[in-house]
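Colleague: Can you walk me through this model? Start with whatever term I need.

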Amino acid sequence: MKTPAWAALKAHRSAMQNLRMADEFARDGQRAQRFSIEAAGVFLDYSKNLITPETMRLLLALASECGVANRRDAMMAGERINLSENRAVLHMALRNPAASARKYVLDGVDVGAEVQRVLAHMREFTQQVREGIWRGGTGREITDIVNIGIGGSDLGPQMVCEALRTFAHPRLTVHFVSNVDGAALERTLAKLSADTTLFIVASKTFTTQETLTNARSARDWFVASGGRATDVAKHFVAVSTNAVEVEKFGIDTANMFEFWDWVGGRYSLWSAIGLSIALAIGMDGFEALLAGAHAMDEHFATAPLDANMPVLLALVGVWNVNFCAANSQCVAPYAQDLHRLAAYLQQLEMESNGKSVDRGGNALSTASCPVIWGEPGTNGQHAFFQLLHQGTSVIPVDFIAATYGNGALPEHHRLLLANCIAQSEALMVGKSEAEVHVELRAKGLNAAEIYALTPHKFFAGNRPSNTMLLDSLTPQSLGALIALYEQKVFVQGVIWGVNSFDQWGVELGKQLAKTIDAELKSGTVSGAHDGSTKALMQRVMS
């Protein structure tokens, strides 16, 4: 990348090779306050990164040179910033309150009225199910909801339902099926009764192969379990825009919930794709989720870049990836209810910014999105934290925790928080050889034993992390946290010059799968495949 700020950042990084965070904390008593920010109910401490005030000044100059504010404003104005698909990107309109002074306009039309219409439809339907008014073909109340989707139609709703389980309706259990592997559907259906189960088929086009395969099998199971074909409409609803296919499936189009092509799949949990969330926690809870996201949106839209949480989080990430050679990012939520967050962020970040060409189709000259991965603490401490502390790769970590737990075991939550804070400190301070020597001498080891053990017990430290704290895990705070990551991804996409809103990389495998499936079904392998592919196909057919 050829901008003055980029060149200045490279020179700056070269000049600070020997910087140690622990020394910076000792030198600057206000470092933690200087490099922390609070917005929309989320507190971010990014002080445990290899940064100085000069680093942040240069990173903000980079954001300015790359036009972050202008691109943000263009997105919010309804411009078609998704160039390769000629689409606007207006997922923020989904969480914009009806009474808001801000309007999201596409081709001269305020999209808010349509959003509110669908929300009203969702409220009416979810209230009927939750209150036991909506009943199945045999007249029994619904007890189980199965969301059938994939990608954004699964990851977001599932993550949110898991995260907000303490707010769920006591009678309703929500299940998620996405994988076309029949084991996933079979395992779910084995626990259910057809006459008390409601299926949500979530597919914008109603042609997604995995989703429709699972939906047809679920419909077959329903009928085979005693359900009448005429009762399919009482047990299946759709989130889609394809009324013809929905009706052909047997779903009453009055129970079809719409969303729009300006809603990307990985940004769709705020739309009718979130119907499973609304059924689980109620529309008041769903609207609180929207409100939290809206609060972060407003902060992102109005705060100066140097006091803008998504911008600062994004810039620190760019610094770690492009100037500190970090090619992966660990997400470690210290909240078991957020155990699906890393999987959700994998799609959000890697499908958005996992690109090798810029918006103009030119090859990138810099690294873009890192690999996103992680698991909840404290489990991760007993699995992969060894690599984080002493591995050859330096991997930044996002620690996420709630100050107050939702459970009835406060001593557990205190210990959880202690571990979260301790791990970020340990990654930063490490343990010197001198400290190892003192520790081993205190245990009575002789000089030879100390010499032999020291390399194994030495921690280099100086490893970067962010810590995000919520007061508690609620619909509103979770909404703000998700929106923070969405806007961070957008800012990083602008800086890397990529289109964060297309995903052509997922298409080729889908196309080839259709061809291969047809050949496996016919038992004939064509000559159009490479030797390995042919051999694999022949082996599975033998």
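Modeller: Contact here means heavy atoms within 4.5 Å. The model is predicted, so local features need pLDDT of at least 70, side-chain atom pairs count only at pLDDT 80 or more, and totals for chains, interfaces and linings use all residues. Residues are numbered from 1 along each chain as its sequence is written, and side-chain values use heavy atoms, with hydrogens and water left out.

Colleague: Fine. What does histidine 235 touch, not counting residues up to four places away in sequence?

Modeller: Its contacts are Gly136, Gly137, Ala194, Asp195, Thr196, Thr197, Leu198, Phe199 and Phe222.

Colleague: Is histidine 235 buried or exposed?

Modeller: Histidine 235 is at 1% relative accessibility, so it counts as buried. Buried means under 20% relative accessible area, exposed over 50%, partly exposed in between (1.4 Å probe, protein chains only).

Colleague: Which backbone oxygen lies 2.8 Å from a polar atom of its side chain?

Modeller: That of threonine 197.

Colleague: Different topic. How many residues are in the largest nonpolar core?

Modeller: It has 127, and Met122, Trp262 and Leu478 have the most contacts inside it. A nonpolar core is a set of buried Ala, Val, Leu, Ile, Met, Phe, Trp, Tyr and Cys residues joined through side-chain atoms within 4.5 Å. A second, separate core of 22 residues includes Val201, Ala218, Phe222 and Val232.

Colleague: And what is in contact with methionine 122, leaving aside neighbours within four places in sequence?

Modeller: Among them are Phe257, Leu275, Met283 and Phe286.

Colleague: What percentage of the whole protein counts as buried?

Modeller: Of its 542 residues, 52%. The C-alpha trace spans about 80 × 60 × 60 Å along its principal axes.

Key
Polar contact = N/O pair within 3.5 Å; in protein donor to acceptor, adjacent residues only side chain to side chain.
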